[in-house]
Amino acid sequence: FASGAKEDKVKVIPHGIDLTPFNSPTTHKTRQLFNINSTIKIISFVGRLSKDNYIDDILEVCKKLGKKRKDFLIIMAGGGKEENRIKKLVASDSLLHKHILLAGFKPREVCLDIRRTSDVSLCLMGGFSLIEACAAERPVVSYDVEWHSELVKNNETGFLIPESMVFNISVFHK
């Protein structure tokens, strides 16, 4: 209001996400549901499979990380315009096929458990997905754009990286 806006003209629009489920204990059913060994690090992406969410950057991360280590799985939960293309890419590339699990669209409870079981959440470009990823209280890797720094505190709650940069995979070596 210091800039001259009239208080009666300003409306606060809530984010519309019910964060109550994040207060419940994690069930950690994700490993059982997808038959994932306890020694495997889980990296998750939960959201719409679209170019807007930099899905191809996630595939590049998998390729680079797969050359350095073998103990990880990227769970991609969601559907969207790019789903069929991504399925073909993963099926045709032995490294992607080994390290990416395309879970498809899942109910909210399953997505919540995936987020809370993950060692790292990838939410490069987010709206509601970034809010939920942060609410899951797991490290989040996100592009350093717009308002992302309001949720992800670099090197504290996750990592902010330059947009469109297939990031330094050293963040996954911890």
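## Helix pair α2 and α3

Helices α2 and α3 are therefore roughly parallel to each other, a class that covers angles under 35 degrees. In this predicted model, residues are numbered from 1 along each chain, local features need pLDDT of at least 70, side-chain atom pairs count only at pLDDT 80 or more, and totals for linings use all residues. Side-chain values rest on heavy atoms, with hydrogens and water left out.

The axes of α2 (residues 55-68) and α3 (residues 83-92) cross at roughly 15° and come within 11 Å; they are lines fitted to C-alpha atoms over the stretch in contact, with angles from 0 to 180 degrees between N-to-C directions. The helices are DSSP runs (H or I, at least four residues) numbered from the N terminus. The crossing of α2 with α3 is right-handed, that is, the near helix is turned clockwise from the far one by less than a right angle.

From α2, Ile-55, Asp-56 and Leu-59 meet Arg-85, Ile-86, Leu-89 and Val-90 of α3, where contact means heavy atoms within 4.5 Å. This contact comprises 5 nonpolar, no polar and 2 charged residues.

## Largest pocket

The largest pocket holds about 290 Å³ of space. A pocket is an open set of points on a 1 Å grid, tested with a 1.4 Å probe, with protein on both sides within 12 Å along at least five of seven lines; lining residues have an atom within 4 Å of a point. Its volume is the space filled by probe spheres set on the points.

Of its 15 lining residues, Val-46, Arg-108, Cys-111, Arg-115 and Glu-132 are the closest to the centre. Helices α5 (108-117) and α6 (128-135) give two or more residues to this lining, and the largest share, 4 residues, comes from α5. By class, the lining has 8 nonpolar, 3 polar and 4 charged residues.

## Second largest pocket

The second largest pocket has a volume of about 230 Å³. Among its 14 lining residues, Thr-27, Glu-109, Val-110, Leu-112 and Asp-113 lie nearest the centre. Helix α5 gives the most to this lining, with 6 residues, and α1 (30-33) also supplies at least two.

Methods. Nonpolar A, V, L, I, M, F, W, Y, C, P; charged D, E, K, R; others polar. Parallel < 35°, antiparallel > 145°, perpendicular 65-115°, else oblique.
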